[in-house]
Amino acid sequence: MNDKLEVIPDQLAKGVSRRNFIKGVIAGGAVASSATYLFRASSLLGQQPPGLGERLITLNVNGQARRVDVMKQETLAWTLRYKLGLTGTKLGCDRAECGACTVLLDDVPHYACSILTHSVRGRKILTVEGLANSDGTLHPVQQGVIDEQGFQCAFCMSGFIMSAVGFLKTNPNPTRLQMAQGLSGNLCRCQDYDKILTAMMRGAENMRKAHHV
Amino acid sequence: MSNSEWKPNQQKFGAKYKLIGKDYPTPDLYAKVTGKAKYAEDFRVDGMLFCKLLLSPVAHGRVKHLDVSKATAMPGVKAILTQDDLPAPADSVTDLGVTIKANPLGEKALTMEPLYHGEPVLAVAAVDEYTAAEAIEAIDIEFEPLPFAVDPLDTLRPGGPNPRLQGNVWVRPSMPQAKPGEKPPSPPVPHVGELKWTEADFAETKHGRLPLGKAQDEWVVGDLDAGFKEAALVLDETFVTPDTSHETLEPRTTLAYWQNGKVFVHMGTQSTVQTLASLGRWLNMDQNQIVLVSEYTGGGFGSKATGYIFAIIPALLSKKANAPVMMRISREEEHFIGRARPGFQGRMKVGFAKNGRITALDMFVICNNGPYDAVGDANTSGTIVSLLYQPLAMRWRGTTVLTNTPPRGAQSSPGGMQGIVIMETIVSKAARQLGLDQVDIRRINCPEGKAPVGPVRNGTRGHSTSAFLKEAFDRGSEQFRWKERTARPKRSGTKVRGVGVSSSCFVGGSIGYDGLFVIRPDGRIAIQSGVGNLGTESLHDVHRVVAEVLGVPWEKCDVTWGNTSKNLPWTCVSGGSQTTHAMTRAAHAAAIDGKQKLQEIAAKVLGGKPEQYEVGNERVFRKGGGRGMTLPQAAQHAIQLGGKYDGHEPPEDVNKFTKASIAALQGQGLLAAAKDKYPRDGQTFSYVACFAEVEVDVETGKYDITDYLAVADVGTVLHPKSLSGQILGRSILGIGHAIGQKWVFDPHYGHTISLRFHHTKPPTILDVPVNMQWAALDIPDPETPVGARGIGEPPVGGGCGAILNALSDALGDEIFRRAPVNLDTILTSLEAGRPTQDPLTAHI
Amino acid sequence: MAVIRDVMPAFQLYQPSSVADAQKLLGQNGSDALVLAGGLDSMDWLKDRIKKPKVVVDLSGVSELKGIRETPDGVEIGAMTTLTEISTSPVIRQKYSLLSQAAEVVASPQIRNQGTIGGNVSQDTRCWYYRAGWPCYRAGGNICYADTPVGRNREHAILHSERCVAVNPSDTAPAFIALDAKFVVMTPKGQRVIDAEDYFIGPDIDITRMNILQPGSLLTAIRIPSTWAQAQFYFEKVRDRNVWDFPLMNVASAMKSSGDNIQDVRIAVNAVAARPLRLKMVEDSVRGKPRNAATGEAAGKLAVQGAVPLQFNAYKVPLMRNLVKRAIGGVQEAAWAS
């Protein structure tokens with residue numbers, strides 16, 4: 001990561017080396033926003049409400065450097081969904097109790113609803129949108145879902161898929177029980193657990209086959 | 001099971017079909033796995049505002065002071081919506097032209113007299129959620145507290161508090177007589193009245209039995225007294241079932257905006273077409289001025305059957321603020337406004353003959369309704385029990401009581417589940433006392449064929465279209481190795497195991513809806529679907545019938561769904577397990593219409609009579625060889641012929657909603673449209689036999705479910721993989737009621753205190769066996785063309801019943817008298833040697 | 001003023017990269033500051049808008065607080081080490097498996113991937129009245145809503161409650177007590193090293209805190225002495241759901257045997273009181289006794305002496321008795337072939 005300094009209000013940081021706060025970058029360029037949506041209504045420009053002390057930071061999302069204005073209290077799920085247009089990551093509970101927001105941080109599953117965006121600068125963020133190849137070829141775990149008609153309403157699906165992808169990095173050849181344990185931080189209210197497990201086992205099989213090619 | 005095995009289907013289905021009974025990936029799956037599927041909260045509109053709700057901090061009260069000046073003065077706050085901004089509740093008109101008068105006491109989107117803790121009082125729209133939340137906190141509001149009740153028995157007591165100022169029950173005045181030749185009269189508007197039982201009634205509670213006070217409704221079939229006299233065993237048991245939130249994973253987040261005088265509403269709803277009427281009623285607007293977008297819905301389970309009234313909040317705020325408004329509903333808000341299954345306090349007196357046959361059944365239930373419109377669970381519980389156990393004589397009595405708890409709604413197998421669960425524990429106890437096998441006692445009471453159901457109405461009793469539950473028990477007993485398992489030792493170390501079996505059934509289909517598709521000149525079949533996409537896959541599964549009948553590859557079919565501006569046909573509510581049955585019929589009717597039109601076009605163009613032509617392989621051709629034409633050619637001819645062939649002349653009998661869609665689609669190809677007018681003798685139900693094994697640790701009370709099997713009688717199997725998801729998924733919904741799901745209220749303060757998933761306990765993947773089993777009989781229902789019935793709800797009661805029965809098999813009858821059964825109940829009862837939990841006190 | 005339980009309030013966020021800087025920030029901001037470790041407990045308070053700190057000090061960038069180091073007399077675990085790192089650490093699994101067992105059953109995989117050991121032992125109680133913002137004793141008020149004749153207290157205390165009946169929900173805390181761990185705390189006056197059991201405090205000491213940390217203090221590390229390395233361990237957590245749920249109760253014991261006899265033992269239970277309880281009387285009573293069912297039975301009975309159940313948590317008495325029995329005398333495993 002670049003090591004340029006950011007300005008920290010002096011009165012709040014007396015005696016603390018500024019350098020130590022820095023993980024992001026300030027540079028020129030447009031702030032990321034989804035195609036049709038501006039985060040702040042234009043009428044507000046120049047009249048910012050008190051909570052929105054936003055700071056421009058760079059995030060590594062799905063292999064791309066994304067620059068984005070982020071509030072101090074903003075969660076990663078919010079940044080992904082409302083600032084970067086990555087709405088595949090869902091908010092089911094916003095309290096670390098359902099897993100619909102699961103993303104990988106440096107290959108490890110995390111609840112994006114319960115981590116501050118400012119604390120993931122410099123980490124490799126992978127969301128469901130980043131799984132398939134650019135040519136549209138699905139990730140083997142996604143293909144497993146197609147093969148087995150996994151999930152019902154699928155609101156939990158991206159979270160489950162990200163958990164499975166993360167888990168399979170630590171255990172590529174799990175038993176059904178181990179897979180269930182790996183997926184256990186994800187809630188499915190259609191309660192399609194049996195078919196989900198089957199789809200994820202199929203996904204694991206697809207991955208092993210892909211690696212043997 | 002080896003590591004690499006991913007559980008292929010055990011059975012093969014659809015032997016006589018090309019598509020029906022075969023697996024295929026549903027067309028919405030790619031968007032779902034890539035995160036591209038857009039649920040309501042995934043839409044973004046320029047200048048979108050966010051709204052937050054101010055919720056009632058009291059169980060019942062009245063706003064006595066409200067000052068929003070500080071909030072409105074905050075930069076970024078755009079509009080505030082209160083009850084005063086809501087349109088007057090609108091009357092509605094049924095398909096038969098009957099006007100249903102709006103009830104002034106019905107639920108509102110916002111209210112100044114909240115009737116439960118958590119009820120929305122007002123809404124603020126601001127430039128972002130942060131500002132909206134700050135604005136809520138800047139609002140000065142005071143409530144005058146009013147009397148409240150969170151438990152039905154509290155309000156039924158003499159002198160007990162009333163949850164509403166007017167009383168504690170809905171009173172429905174008797175229906176005026178229809179005059180011959182005139183339009184049926186409007187049913188009178190129900191009002192709230194008072195129902196109190198006597199001290200003498202309540203004496204029963206001292207014995208842990210439900211008081212049998214005056215019931216609101218009742219019916220009787222057969223001679224109850226004679227039935228009890230004949231009985232070799234009579235059991236009289238009280239049992240309580242939990243209130244359980246639907247807890248769809250997608251909260252009922254809604255986005256709304258106005259464009260050219262129309263309001264666009266993006267929301268998660270179970271039904272596409274049928275939600276429009278609700279929105280029209282709530283907004284008091286013409287349906288033509290409303291566009292509903294609901295391509296993907298994150299679960300419904302009954303709670304979003306035809307949408308939800310709170311969807312009008314962002315719509316009205318959007319109008320007021322002149323900007324799009326996103327109302328993101330938090331999980332806590334979802335707990336309050338997201339509906340729940342009503343808990344039952346039930347008591348049944350059941351007489352059994354020596355062979356286990358039920359000679360008499362006296363059923364009494366109280367349904368905890370919450371403060372608003374009455375749910376039908378109490379009534380349905382009686383109907384389902386009467387069908388599933390075929391008692392020789394039966395009385396049902398039911399009372400639906402208002403309380404100051406979040407509003408209830410239909411949840412998968414509404415009423416059926418509660419009735420089955422109360423009954424199942426009694427059947428299990430009877431089998432033990434009579435020395436009968438648990439499968440045998442259920443088999444002997446099984447409905448079969450055209451089995452009678454419910455009360456006598458207009459001189460006759462209704463009956464089922466078909467029932468093959470006995471066959472399901474036979475298949476299940478074998479597959480589950482029932483005899484072998486029941487013969488095994490029960491106790492080892494600190495573990496005791498038990499096996500349980502349960503009957504289950506629920507409504508499985510409705511009739512009379514429309515099918516609509518266009519065979520286009522490019523050879524593709526454009527199927528219009530008004531079915532909601534809540535994940536059951538019936539949205540796509542039912543339309544496979546069109547391709548099957550026409551002999552067209554499924555890959556040539558495009559299903560359009562999820563947006564009411566896209567010319568959809570009149571469609572059933574996607575709820576109550578209706579869709580598979582209702583819409584395969586409609587699809588079949590439309591496919592037959594399309595086939596006939598193809599034959600007629602061929603005859604007109606190529607000579608001969610229509611019946612001399614066959615349809616298949618994307619062609620219509622002369623039987624036994626000879627001339628024919630491709631479907632694209634036929635579509636071109638249809639456009640040239642016009643009239644009924646390309647939609648210029650719609651069928652007379654389809655719904656006006658379908659007619660409007662046909663008018664918009666006319667001239668695009670061969671248009672097939674038809675109403676389902678197939679005969680049906682009886683009411684459609686589906687059935688499931690459920691089996692479970694549990695292992696209980698008697699030192700901690702903790703138990704695991706070690707095995708589960710459900711065998712379904714759902715008629716013809718349409719799509720095995722989606723069926724497996726429904727059978728096992730809905731089984732787990734039922735299992736959740738046995739192992740932990742609940743609501744908890746503080747009775748002194750009237751607050752819901754179970755606000756988080758770790759309080760309400762929806763089952764996790766590690767709470768159920770990792771390898772659950774299912775099977776389907778695949779016997780076509782004789783009263784519907786494809787033979788398929790619905791399956792969403794029937795397994796729920798059985799899932800719960802099988803676990804409870806396995807527990808009592810392991811631990812005996814004297815452990816629990818309510819569900820869910822948790823380790824605290826088990827441990828204290830084992831310790832005391834008797835049930836320690838008062839069945840009538842609320843969940844803790 | 002109206003209440004809303006959604007959307008985090010604004011705060012100033014600091015992300016120091018050294019303990020020294022973190023301490024300075026905490027010193028400067030005192031009770032205005034909230035420390036964020038894994039953040040899973042803190043974020044609930046923030047999202048519910050019950051706590052509105054001016055300053056949040058996020059420790060995720062302090063690398064010196066992370067990691068497991070073997071020391072001459074045991075291991076030292078940085079407070080910001082995740083629960084997953086602990087449950088998968090070879091040295092912990094090999095020598096102190098009591099702790100890896102405890103860490104493995106916390107909440108869910110994602111929470112273990114983010115939740116830290118410092119956070120797990122320092123987390124606040126989950127009493128649902130207190131967490132919903134009711135103005136109870138623990139929140140500075142003058143009533144306990146759980147301890148009323150109709151209060152919903154199934155998950156509350158049976159021992160040592162004083163006005164407040166909330167329990168400590170940590171799964172790893174009893175394991176640390178059983179392992180005789182030492183907690184390293186940086187205070188404004190310097191470093192303190194405290195016995196695990198003394199880190200936790202009940203309502204008798206301070207009804208508003210679960211541990212000794214005062215504003216400006218920081219738990220930096222936990223040291224496990226080698227004294228109990230590879231001892232006989234027993235850990236069991238009892239909960240409703242097998243994922244996410246906090247313990248209804250848990251027990252941890254470390255034991256050394258000599259022949260068939262118990263030579264020495266440490267045992268602790270949690271979720272029975274506002275702090276995890278070390279059962280010294282039990283330890284004393286079983287030392288020198290044979291490790292068998294009878295000793296376990298006696299230990300269990302002794303453990304629950306003085307336990308006073310509330311309206312809805314009577315099960316906790318036999319549960320504690322049986323868990324202690326198992327932790328001392330072992331479990332009679334089922335022996336059937338399915």
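**Close-ups of the sheets, core and contact**

View 1. Gln528(B) stands opposite Thr560(B) in β27(B). What you're looking at is a predicted model, where local features need pLDDT of at least 70, side-chain atom pairs count only at pLDDT 80 or more, and totals for chains, interfaces and linings use all residues. Residues are numbered from 1 along each chain as its sequence is written, while chains are lettered from A and ligands numbered from 1 in the order in which they are written. Strand β26 (residues 525-528) of chain B pairs with β27(B) in the parallel sense, over 4 bridges. Strands (E, at least two residues) and helices (H or I, at least four) are DSSP runs, numbered from the N terminus; two strands pair if DSSP finds at least two bridges between them.

**View 2. Inside the largest nonpolar core.** This core has 435 residues, and those with the most contacts inside it are Val546(B), Ile803(B) and Val324(C). Helix α17 (residues 579-606) of chain B gives the most to it, with 10 residues. A nonpolar core, by the way, is a set of buried Ala, Val, Leu, Ile, Met, Phe, Trp, Tyr and Cys residues joined through C-beta atoms within 7 Å. A residue is buried if 20 or more other C-beta atoms lie within 10 Å of its own, exposed if 12 or fewer, and partly exposed in between, with C-beta atoms placed from the backbone. Skip the neighbours within four places in sequence, and Val546(B) is in contact with Phe517(B), Ile525(B), Ile527(B), Cys557(B), Ala587(B), Ala590(B) and Ala591(B). Contact means that the C-beta atoms of two residues, placed from the backbone, lie within 7 Å.

**View 3. The antiparallel sheet of chain C.** Here 4 strands form an open sheet in the order β9-β10-β11-β12 (chain C), with antiparallel pairing. β9 (232-238) and β12 (277-278) of chain C take the edges with a single partner strand each, so one side of each is left without a neighbour in the sheet. Strand β11 (residues 261-270) of chain C pairs with β12(C) in the antiparallel sense over 2 bridges. Val269(C) has Leu277(C) in β12(C) as its bridge partner. Helix α5 (residues 97-104) of chain C packs on this sheet, touching β9 and β10 (249-258) of chain C, and its direction makes about 15 degrees with that of β9(C). Helix α13 (residues 316-329) of chain C lies across β9, β10 and β11 of chain C, at about 25 degrees to β10(C).

**View 4. Helix α5 of chain C and its surroundings.** Of the 8 residues of α5(C), 7 are buried, so this helix is largely enclosed by the rest of the structure. The buried ones are Leu98(C), Leu99(C), Ser100(C), Gln101(C), Ala102(C), Ala103(C) and Glu104(C). They pack against α3 (83-88), α4 (90-95), α6 (109-114), α9 (173-178), β9 and β10 of chain C.

**View 5. The side of chain B that touches chain A.** The contact takes 61 residues from chain B and 60 residues from chain A. On the chain B side, α1 (29-33), α3 (129-137), α20 (720-739) and α21 (757-760) each supply at least two residues. α20(B) gives the most, with 8 residues. By type, the residues on this side of chain B divide into 26 nonpolar, 22 polar and 13 charged. Nonpolar covers Ala, Val, Leu, Ile, Met, Phe, Trp, Tyr, Cys and Pro; Asp, Glu, Lys and Arg count as charged, and the others, Gly among them, as polar.

Key
Axes fitted to C-alpha atoms, helices over the stretch in contact; angles between N-to-C directions.
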